[in-house]
Amino acid sequence: MSVDPARMDALMRLARLSNGDRSGVGRRTFLRGASLSALAVGVPGLLSACGTDSQTQTTDSCKSTDISADEPVLNFANWPEYIDVKGKAMPSLQAFEGESGITVNYNAEINDNNEFFGKVKDQLGACEPTGRDIITLTDWMAARLIGYGWIQELDKANLPNVEANLKADLKSPTWDEDRAYSVPWQSGLTGIAYNAKYTGEISSFEELMTRPDLKGKISLLSELGDTMLFMLLLEGADPSDFDSEEWDAAIARLEGYVGSGHIRKFTGNNYIRDLNAGNLVACEAWSGDVIAMQYDNPDIKWVVPEEGLGIWSDNMLVPNRADHKANAEKLMNYYYEPEVAATLAAWVNYICPVEGAQEAMEKIDPSLVDNPLIFPDDEFLANAYGFMGLEDKVRQQYDKDFARVIGA
């Protein structure tokens with residue numbers, strides 16, 4: 001996509017506003033000093049999605065009316081610290097508002113997929129408005145809502161940048177093969193982080209889970225898909241295609257590690273402070289967090305486990321009865337301009353899903369151009385696994401199994 005010189009100048013100003021000086025206020029500073037309550041993923045949320053009498057909808061049973069033409073408003077629900085911030089401002093979002101004339105009500109209210117599902121399931125199941133025009137959910141939960149018929153089909157005529165610039169490896173997930181309902185916001189990797197000040201190098205997930213000197217000093221993630229992906233790999237199973245016997249063996253393996261006292265805790269992002277302080281010496285970790293931590297603490301190391309990596313995306317979705325679908329599509333399309341995508345990636349430090357953003361990063365933050373955790377190549381991703389999509393009843397049972405083992 002071509003960008004005129006005036007537009008490029010505006011984008012460069014946006015990038016400077018978003019990034020600022022490395023010592024200034026930014027996501028890296030936030031992560032260093034944040035309260036745990038602001039970052040934590042609520043483990044009890046695992047049970048909030050279990051046992052629901054969800055009502056499947058169709059386009060005939062649940063009709064939505066778009067009033068975007070009359071109301072230049074957009075209500076956007078996202079995860080905490082998942083957009084560029086400068087002071088109290090969000091520069092890329094402000095630029096979108098100025099360019100489009102649409103006022104965005106941005107709410108960083110999604111702390112956990114299951115917890116958020118519990119907030120909206122009754123409304124979506126009854127074909128009632130949720131008050132949100134975009135919700136941003138991880139692959140497996142996005143698949144679940146699409147399967148229920150709770151998500152509106154997108155108008156691709158409104159998404160030319162997405163059509164042109166969405167990376168090829170993200171275009172056809174099994175749960176939304178034509179990306180008819182979803183647009184990736186960011187992708188990420190799950191691997192291992194350790195603090196070299198307190199422990200030696202760790203090369204594999206098996207080592208993380210069995211080395212005697214690590215006992216009681218590690219954490220795993222409270223997201224089922226992340227942690228069980230590695231338990232399945234340790235069982236020799238394929239996390240993207242496994243059966244119930246392999247699941248049973250993997251959950252038994254995790255139960256054994258819990259029972260032995262090897263795992264100190266299960267966490268969301270709140271492993272960050274403990275790893276920095278040495279209260280944890282190693283942990284299962286998300287790639288974007290590790291990049292952010294490394295700006296302030298060179299002892300934090302990222303490991304691609306010998307068994308492989310976990311890979312996932314968080315996806316923008318328009319729920320049924322959203323009032324401003326066309327406005328939502330304008331925002332999705334805006335963030336698929338390579339310069340805007342690079343500006344966002346320079347701050348959030350996750351995998352950018354937009355072709356051309358790596359080249360745009362040359363002008364925004366050259367230090368990130370070759371970072372494989374933001375712009376991984378095919379070789380880097382050759383041993384990365386997604387977590388298999390599950391039927392709802394199976395998912396509910398697996399949620400219960402996982403919650404029981406981790407003590408949720």
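Here is a chat about this predicted model, going from values to names.

Q: What does the secondary structure of the protein come to?
A: It comes to 16 helices and 10 strands. Buried residues make up 57% of the 408 residues.

Q: Why is F76 called buried?
A: Buried means under 20% relative accessible area. F76 has a relative accessible area of 1%, so it counts as buried.

Q: What about Y106, buried or exposed?
A: Y106 has a relative accessible area of 18%. That is still under 20%, so Y106 is buried too.

Q: Why is the pair of F76 and Y106 called edge-to-face?
A: Two things get checked here. Ring centres must lie within 6.5 Å to pair, and planes over 60 degrees apart count as edge-to-face. The centres of these two rings are 5.2 Å apart and the planes are at 85 degrees, so F76 and Y106 make an edge-to-face pair. A search of the whole structure finds 17 aromatic pairs.

Q: What makes the pair of F76 and Y106 a tie between parts apart in sequence?
A: F76 lies in strand 1 (residues 73-77) and Y106 in strand 2 (residues 103-107), so the pair ties together parts that are 30 residues apart in sequence.

Q: Which residues do ring pairs link into a cluster?
A: The cluster holds F76, F96, Y106, W185, Y334 and Y335. F96 is also one of the buried residues of helix 4 (residues 91-100).

Q: What makes R144 a charge sitting over a ring?
A: For an Arg, CZ has to be within 6 Å of the ring centre and within 35 degrees of the ring normal. The charged end of R144 sits over the ring of F117, 4.2 Å from its centre. R395 lies over the face of W140, at 3.6 Å from the ring centre.

Q: Why is the link of C62 and C127 called a disulfide?
A: The cut-off is a pair of cysteine sulfur atoms within 2.5 Å. C62 and C127 have an S to S distance of 2.0 Å, so they pass. The structure holds 1 disulfide.

Q: Where do C62 and C127 lie?
A: C62 lies in the loop between helix 3 (36-39) and strand 1, and C127 in the loop between helix 5 (113-125) and strand 3 (134-138), so the pair ties together parts that are 65 residues apart in sequence. Both C62 and C127 are buried. With 90 degrees about the S-S bond, their link is right-handed.

Q: Why is P160 called partly exposed?
A: Partly exposed sits between the buried limit of 20% and the exposed limit of 50%. P160 is at 45% relative accessibility, so partly exposed is the name. P160 is found in helix 7 (residues 160-165). P160 and Y334 are 174 residues apart in sequence and 9.7 Å apart in space, C-alpha to C-alpha.

Q: Why is helix 9 said to be largely enclosed by the rest of the structure?
A: Count its residues: 11 of the 11 in helix 9 (residues 224-234) are buried, so the helix is largely enclosed. Among them are D226, M228 and F230. Just after helix 9, G236 takes a positive phi of about 80 degrees.

Methods: Residues are numbered from 1 along each chain as its sequence is written. This is a predicted model: local features need pLDDT of at least 70, side-chain atom pairs count only at pLDDT 80 or more; totals for chains, interfaces and linings use all residues. Side-chain values use heavy atoms; hydrogens and water are left out. Buried means under 20% relative accessible area, exposed over 50%, partly exposed in between (1.4 Å probe, protein chains only). Helices (H or I, at least four residues) and strands (E, at least two) are DSSP runs, numbered from the N terminus. Rings of Phe, Tyr and Trp (its six-membered ring) pair if their centres lie within 6.5 Å; planes under 30 degrees apart count as stacked, over 60 as edge-to-face and the rest as tilted.
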